[in-house]
Amino acid sequence: MILSNLTPEYMSTPELLEKSTSFQVEEATFQSFKSSIRGQVIVKGDPSYEDERKVYNGMIDRYPTAIVKCHNVADVITCVNFGRDNKILTAIRSGGHNAGGLGLCDDGLVIDLSFMKGIRIDLKTDTIRAEGGCLLGDMDHATQAFGKAVPSGILSTTGISDLTLGGGLGHLSRAYGLSIDSLLEVDIVLANGKLITASEKENADLFWAIRGGGGNFGVVTSFHFKTHDAGMVYGGPMLWHIADAEEMMGFYRNFILKAPNEIYCYFAFLTVPPVPVFPDDLHLKKMCGLVWCNVGDLEKATKAVNTFRDYKKPALDYVSSMPYSGLQGMFDALYPKGLQWYWKADFIKELSDEAIKVNLKHGLKLPTTHSTMHMYPINGACHDKKNADTAFSYRDANWAQVIVGVDPDPNNKEKLSTWAKEYWEAIHPFSAGGAYINFMMEEGQERVKTSYRDNYEKLAKIKSKYDPDNFFRVNQNIQLP
Ligand SMILES: Cc1cc2nc3c(=O)[nH]c(=O)nc-3n(C[C@H](O)[C@H](O)[C@H](O)COP(=O)(O)OP(=O)(O)OC[C@H]3O[C@@H](n4cnc5c(N)ncnc54)[C@H](O)[C@@H]3O)c2cc1C
């Protein structure tokens with residue numbers, strides 16, 4: 001049954017993955033592997049295979065030989081041992097949100113954690129343990145009941161695993177830092193099949209590396225986070241007409257660089273979706289806007305938002321008090337699984353007047369209704385750590401920018417990528433150089449190196465200690481020294 005043509009040697013870069021071929025193991029070996037798995041093993045031809053091979057980005061079209069939906073850490077260990085011993089290209093998938101499709105590989109094995117959603121909140125220590133298969137919404141649901149949250153991203157359908165392993169930025173970044181700044185400990189299955197713990201005290205080099213280094217070091221089966229106060233927030237979207245965009249972007253820049261940490265808003269270009277929640281006269285209009293998420297004192301938050309209301313009356317103002325988890329799920333329905341996604345990103349340190357003009361020129365050309373550009377502020381508490389403190393190496397940047405081409409129609413693929421690339425080429429000279437690895441497609445080794453800067457060499461050394469054969473290589477790959 002399974003199958004011919006071993007991958008001749010370990011592939012070292014994601015670009016080469018397409019060249020790998022189906023894995024070869026004896027039928028008996030495969031059956032023995034299958035019988036030792038508590039979860040589900042899905043292979044080509046199974047009725048659920050077509051659904052199971054899909055990821056969030058509809059542009060990704062890969063055909064793994066087997067997908068194993070693990071039930072527990074023992075299943076993960078069995079998969080790692082099987083993949084390693086049989087030289088099988090192996091991918092790790094948790095939320096399946098990676099836009100480059102790095103949770104999937106062609107003709108290999110996918111270790112899928114989506115059944116592993118165990119969560120335990122500890123009110124005595126203000127911490128939470130969450131298994132690797134949890135989505136942001138799973139964790140928010142568990143914490144919100146107690147008025148708490150772990151800083152994470154802006155859509156509740158994203159996986160906590162790779163979001164955290166890449167850094168993790170979103171509504172609470174200015175108040176409480178990146179997701180990795182609240183990470184206390186992980187359980188991780190290494191390439192040798194051993195389960196170990198990494199924290200500041202145990203395997204500290206590995207703990208440094210996984211805080212930004214992505215899936216390069218092993219399969220993280222659970223995360224232990226500190227939680228923070230985030231019950232009700234003063235948040236939501238606020239929009240202005242595109243004629244005001246240049247002025248509003250400049251005003252926003254000056255404001256957010258000086259705002260107190262508990263004040264958060266990201267800047268966006270967008271097209272108003274033609275859905276009843278928005279006023280009819282704004283439907284399909286290209287606009288600019290802010291999405292707010294202010295924690296703490298309501299009076300202070302209102303005062304901050306009023307600065308904008310007083311400066312230029314917004315065309316739409318949906319900012320109000322709401323539960324944090326309500327804000328987290330607010331945009332989920334607009335971006336369901338299966339849309340076509342192509343994005344390009346950069347870290348931004350300074351947003352000059354000239355850069356604003358370039359942003360506006362390309363932002364005005366949003367190619368489809370779903371396409372957007374977001375500038376997420378990563379100053380405030382994110383700056384409490386320095387570039388070398390964790391693998392995430394752009395602590396001196398003030399924003400993570402992402403240019404996002406999205407559409408339901410696969411025929412629009414080219415249109416999305418052409419717009420994103422042209423926008424990026426024009427704005428990149430104004431950037432800090434590298435990009436947030438979780439906002440990258442497969443863009444080659446040079447781009448990965450630029451994004452880790454001075455931390456790359458240390459990451460490569462740690463990689464050679466914990467994954468000396470580059471078994472975990474379906475990722476933004478750290479190449480061995
Ligand atoms: C719509 C959308 C919104 C987003 N918003 C944000 C945001 O607000 N903030 C933000 O920071 N990012 C955001 N992202 C980016 C997001 O962080 C990445 O897409 C990330 O890869 C998602 O994690 P996942 O677990 O769903 O990924 P998957 O697709 O499941 O995994 C992909 C990669 O992660 C590795 N990996 C996955 N699970 C594990 C694990 N348990 N152990 C080790 N390695 C693992 C794999 O090796 C692979 O390289 C967004 C993405 C999308 C598509």
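How far is the sulfur of Cys288 from the closest cysteine sulfur? The sulfur of Cys288 is 12 Å from that of Cys265, which is too far for a bond. The views below come from a predicted model, in which local features need pLDDT of at least 70 and side-chain atom pairs count only at pLDDT 80 or more, while totals for chains, interfaces and linings use all residues. Residues are numbered from 1 along each chain as its sequence is written, and side-chain values use heavy atoms, with hydrogens and water left out.

**View 1. Cysteines without disulfides.** A disulfide is a covalent bond between the sulfur atoms of two cysteines. With the criterion of a pair of cysteine sulfur atoms within 2.5 Å, a search of the whole structure finds zero disulfides. For Cys293, the closest cysteine sulfur is again in Cys265, 10 Å away, and this too is too far for a bond. Cys288 counts as buried because its relative accessibility is 0%. Cys293, at 1%, also counts as buried. Buried means under 20% relative accessible area, exposed over 50%, and partly exposed in between (1.4 Å probe, protein chains only).

**View 2. Two nonpolar cores.** A nonpolar core is a set of buried Ala, Val, Leu, Ile, Met, Phe, Trp, Tyr and Cys residues joined through side-chain atoms within 4.5 Å. The largest one has 126 residues, and Phe269, Trp292 and Phe308 have the most contacts inside it. Helix α8, residues 245-258, gives the most to this core, with seven residues. Helices (H or I, at least four residues) and strands (E, at least two) are DSSP runs, numbered from the N terminus.

View 3. The contacts shown are pairs of N or O atoms within 3.5 Å. A polar backbone atom of Gly96 is 2.7 Å from an oxygen atom of the ligand. A nitrogen atom of the ligand lies 2.6 Å from a backbone N or O atom of Leu169. For Val220, a polar backbone atom is 2.9 Å from a ligand nitrogen atom.

**View 4. The shell around the ligand.** There are 33 residues around the ligand, and Ser94, Gly96, Asp162, Leu169 and Tyr436 come nearest; a residue belongs here if one of its heavy atoms lies within 4 Å of the ligand. α5 gives the most to this shell, with four residues.

Definitions and conventions
Polar contact = N/O pair within 3.5 Å; in protein donor to acceptor, adjacent residues only side chain to side chain.
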